[in-house]
Amino acid sequence: MNIFKRKRILKWVLFCFVAAAITVCAQGCSLWKKGYSETIVIDPPEEEERQTVPSVMEIKTIYPVLDNNNDGLVIGWNSNNSLVSLNYNSARPKVAYDKSRSPQIVVEQIKQPYVSRVKLMDLQVSMQGWKGAVLAPKGKKLAYIADTDDGLTLNYIYLDESMKGGGKVFKVREINADSYVKEISWSQNDKYLALLLTDENDRNFVCVYDTEANVQSMGKCYSLDISAEAFYYNSVYISDDGTSAAMIRYWNQNRFQLEYGKLQNESFHVKYIHPTPNYHNFVQWIHPDQIVFIGEDKKLYAYDQRNDSVSILMEEVMQFRLSQDKQFIVIAKHDETVQIANLYGNNIVNIKQIYKGIDGFELLWSPDNKRIMISGVIRERKTFELIAGMPSQLVIEFE
């Protein structure tokens with residue numbers, strides 16, 4: 001009997017051990033399954049990426065600029081709360097360009113709350129085919145074609161908030177009197193200065209100058225092909241590394257197109273072409289391999305030369321501008337609205353309307369990305385005439 005009892009006891013102990021082991025295994029498997037399920041639902045990398053997208057800013061204040069009495073041209077910001085404007089000297093008539101005389105431009109500063117302006121300097125400039133002077137995106141350098149008794153020169157000058165009457169002028173290059181300057185522009189990092197030029201022999205060039213290099217040996221010109229059908233270039237946008245360019249070109253029958261390419265071996269080598277609405281079309285670089293632009297069909301596109309890909313970002317776009325940190329984009333649409341959003345990869349997200357009732361043709365971010373200056377027209381709905389007293393230039397400030 002003792003042997004049988006001993007066997008029964010051993011069987012019972014073995015049964016309990018197996019049952020306990022099965023129970024522990026089942027609980028462990030259940031916990032493992034639960035953890036695995038949560039890992040699938042909550043993907044840490046995606047969550048971290050979502051957290052990098054900043055929220056769209058809230059409006060704090062809207063300011064009319066000079067109560068719509070600004071007869072000058074606002075060309076950008078030179079600090080977080082002050083604009084730069086170009087104005088013809090009152091002693092000079094507002095006339096079309098005449099080689100026998102060049103106008104004197106008054107450079108003015110308009111500080112918040114944007115109700116008055118202060119003169120910074122006078123510039124004697126050539127007005128060949130463009131607006132007189134171009135402010136670098138960060139607001140510290142002003143480029144212009146000087147017209148003096150010694151001839152034409154491409155110059156730039158540093159702007160400072162405390163400056164009165166002008167500062168040191170940097171001479172970039174001389175320009176033959178029989179040459180014609182179509183446009184000058186800055187790279188987005190303020191380093192490179194680009195010049196569209198037709199020389200005295202009717203040859204066309206885009207010339208690029210490194211303003212941070214030795215003044216005597218910092219420029220290089222690249223030839224542009226012009227034919228009976230492919231006419232002249234109107235606008236040039238240089239990448240931050242100075243090796244690529246996006247240009248707007250006029251074709252016959254009032255057609256315009258964007259041409260993206262490399263500046264190599266003294267020539268502009270076109271890699272990508274896309275129809276655009278007109279020569280005022282704005283182009284901006286996301287990085288040295290990718291641009292954003294408006295197509296002829298009013299769609300906002302992004303082109304990436306690394307894989308030759310084109311993405312549609314938005315439709316019915318009149319104008320746009322990326323913030324200097326590339327986190328935000330402001331968009332003026334054809335329905336007279338202005339929107340702000342995030343540019344996230346090849347997508348525009350978190351779209352928010354910030355103004356309604358203006359055809360915005362110029363959009364300018366402040367250096368700290370907290371303010372946007374909008375130039376545009378406000379029209380009466382039926383006659384499409386300007387509404388008296390309504391601002392055509394305004395600043396939107398964010399929280």
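**Notebook: contacts, sheets and rings**

**Entry 1, Gln305.** I began with Gln305, which, leaving aside its neighbours within four places in sequence, is in contact with Tyr260, Lys262, Lys271 and Asp289 (contact means heavy atoms within 4.5 Å). I noted that this is a predicted model, in which local features need pLDDT of at least 70 and side-chain atom pairs count only at pLDDT 80 or more, while totals for chains, interfaces and linings use all residues. Residues are numbered from 1 along each chain as its sequence is written, and side-chain values use heavy atoms, with hydrogens and water left out. Gln305 lies in the loop between strand 20 (300–304) and strand 21 (309–314), where helices (H or I, at least four residues) and strands (E, at least two) are DSSP runs numbered from the N terminus. Is Gln305 buried or exposed? Gln305 counts as buried, because its relative accessibility is 12% (buried means under 20% relative accessible area, exposed over 50%, and partly exposed in between, with a 1.4 Å probe and protein chains only).

**Entry 2, the whole chain.** I then looked up the totals, and found two helices and 28 strands in the protein chain. Of its 399 residues, 46% count as buried. Among the contacts with a separation of 6 or more, 43% come from residues 24 or more positions apart.

I followed an open sheet of four strands, whose order is 1-28-27-26 and whose pairing is antiparallel (two strands pair if DSSP finds at least two bridges between them). Strand 1 (59–64) and strand 26 (359–365) stand at the edges with a single partner strand each, so one side of each has no neighbour in the sheet. On average, neighbouring strands of this sheet are turned by 20° against each other, direction ignored (axes are lines fitted to C-alpha atoms, for helices over the stretch in contact, and angles run from 0 to 180 degrees between N-to-C directions). Strand 1 pairs with strand 28 (residues 393–398) in the antiparallel sense over five bridges, and I found Ile62 opposite Ile396 in strand 28.

Why is strand 4 (residues 104–111) largely enclosed by the rest of the structure? Six of its eight residues are buried, which means that the rest of the structure largely encloses it. Strand 3 (residues 82–88) pairs with strand 4 in the antiparallel sense over seven bridges, with Asn87 opposite Val106. Strand 4 is also joined to strand 5 (residues 118–124) by six bridges, again running antiparallel, and the bridge partner of Gln104 in strand 5 is Gln124. The hairpin of strand 4 and strand 5 has six residues between the strands, and in this hairpin I noted that Tyr114 takes a positive phi near 65°.

I looked up another open sheet of four strands, in the order 22-23-24-25 with antiparallel pairing. Strand 22 (317–322) and strand 25 (347–356) are its edges, each with a single partner strand, so one side of each is left without a neighbour in the sheet. Seven bridges join strand 24 (residues 337–344) to strand 25, and Leu343 has Ile348 as its bridge partner in strand 25. Ile348 also belongs to the largest nonpolar core, which has 29 residues and in which Ile291, Leu300 and Ile348 have the most contacts (such a core is a set of buried Ala, Val, Leu, Ile, Met, Phe, Trp, Tyr and Cys residues joined through side-chain atoms within 4.5 Å). Leaving aside its neighbours within four places in sequence, Ile348 has contacts that include Leu300, Leu313, Met314 and Ile329.

**Entry 6, rings.** How many aromatic pairs does the structure hold? I found 18 (rings of Phe, Tyr and Trp, the last by its six-membered ring, pair if their centres lie within 6.5 Å; planes under 30 degrees apart count as stacked, over 60 as edge-to-face and the rest as tilted). Tyr250 and Phe256 form a tilted pair, 5.2 Å centre to centre with 55° between the planes. The pair of Phe293 and Tyr301 is stacked, because their planes stand at 15° with the ring centres 5.6 Å apart. Phe293 is buried at a relative accessible area of 0%, and Tyr301 is buried at 7%. Ring pairs also link Phe293 and Tyr301 with Tyr260, Tyr272, Trp285 and Tyr303 into a cluster. Last, I looked up Arg321, which lies over the face of Phe282 at 3.9 Å from the ring centre (a charge sits over a ring if NZ of Lys or CZ of Arg is within 6 Å of the ring centre and within 35 degrees of the ring normal).
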